[in-house]
Amino acid sequence: MNYENLLAIAYAEAQAGFDEGGVPVGAALFDADGNLLGRGRNRRVQDNDPSVHGETDAFRKAGRQTNYRDKILVTTLAPCWYCSGLIRQFNIGTVVVGESANFPGHLDWLREAGVKIIELNDEKCTALMRLFIEQSPQIWFEDIGECRH
Ligand SMILES: [Zn+2]
């Protein structure tokens, strides 16, 4: 599996979110053969909806799946608690992480549950998120649930 090719779709979502003035996290769900099931992005700002993270958007767009153990969730940024909970709730087998430099997420908690984690340490993902955090720190801290007043 060429995980970089899968990440490119999630990154395109993140870039679209950035261009819309939103939090640039993109994600996509694939089957075991790398066929796209759903793609999405964080739309906290765009939809005024804090429950739409990249991962949850892609998950919902993919519709009902009978089994997630063989599915691959690709996200540009390490998943937050909310999305990590989704991964464990539905037993998603593999998670591909674009970067965890700007946000470490809870990758060990996922590994403990038997989730296969593939970290790509992607420079484009890291640079896009870093730029957003520099430009819009209040939105970023709001998104990760940290009050900084
Ligand atoms: Zn999340």
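User: Two strands pair if DSSP finds at least two bridges between them. In this predicted model, over how many bridges do strand 1 and strand 2 pair?

Analyst: Strand 1 covers residues 26–30. Strand 1 and strand 2 pair in the antiparallel sense. The number of bridges between strand 1 and strand 2 is 5.

User: Which strands does helix 1 touch as it packs on the sheet?

Analyst: Helix 1 is made of residues 3–19. Its direction makes about 140 degrees with that of strand 1. The strands it touches are strand 1, strand 2, strand 3 (72–77), strand 4 (94–99) and strand 5.

User: And which strands does helix 3 touch?

Analyst: Helix 3, residues 54–61, also packs on the sheet. Its direction and that of strand 2 make about 145 degrees. Helix 3 touches strand 1, strand 2 and strand 3.

User: In what order do the strands lie in the sheet?

Analyst: The sheet is open and its pairing is mixed. Strands of a sheet pair through backbone hydrogen bonds, either parallel or antiparallel. The 5 strands follow the order 2-1-3-4-5.

User: Which are the edge strands?

Analyst: An edge strand pairs on one side only. In the order 2-1-3-4-5, the ends are the places to look. The edge strands are strand 2 (36–41) and strand 5 (116–119).

User: How far apart are the end C-alpha atoms of helix 1?

Analyst: Helix 1 has 17 residues. At 1.5 Å a residue, the helix should span 24 Å. The model agrees: the end C-alpha atoms are apart by 24 Å.

User: Which residues of helix 1 are buried?

Analyst: An α-helix has 3.6 residues a turn, so residues three or four places apart point the same way. The buried residues of helix 1 pack against strand 1, strand 2, helix 3, strand 3, strand 4 and helix 6 (123–135). They are L6, L7, A10, Y11, E13, A14, G17 and F18.

User: Which residue takes a positive phi just after helix 1?

Analyst: The phi there is about 85 degrees. The residue is G21.

User: What is the radius of gyration of the protein?

Analyst: The protein has 149 residues, so a compact globule would have a radius near 15 Å. The protein agrees with that, at 14 Å.

User: What share of the 149 residues counts as buried?

Analyst: A residue is buried if 20 or more other C-beta atoms lie within 10 Å of its own. For the protein, the buried share is 39%.

Note on methods. Residues are numbered from 1 along each chain as its sequence is written. This is a predicted model: local features need pLDDT of at least 70, side-chain atom pairs count only at pLDDT 80 or more; totals for chains, interfaces and linings use all residues. The radius of gyration is taken over C-alpha atoms; the globule rule is 2.2 Å times the number of residues to the power 0.38. A residue is buried if 20 or more other C-beta atoms lie within 10 Å of its own, exposed if 12 or fewer, and partly exposed in between; C-beta atoms are placed from the backbone. Helices (H or I, at least four residues) and strands (E, at least two) are DSSP runs, numbered from the N terminus. Two residues are in contact if their C-beta atoms, placed from the backbone, lie within 7 Å. Axes are lines fitted to C-alpha atoms, for helices over the stretch in contact, and angles run from 0 to 180 degrees between N-to-C directions. The expected span of a helix is 1.5 Å times one less than its number of residues.
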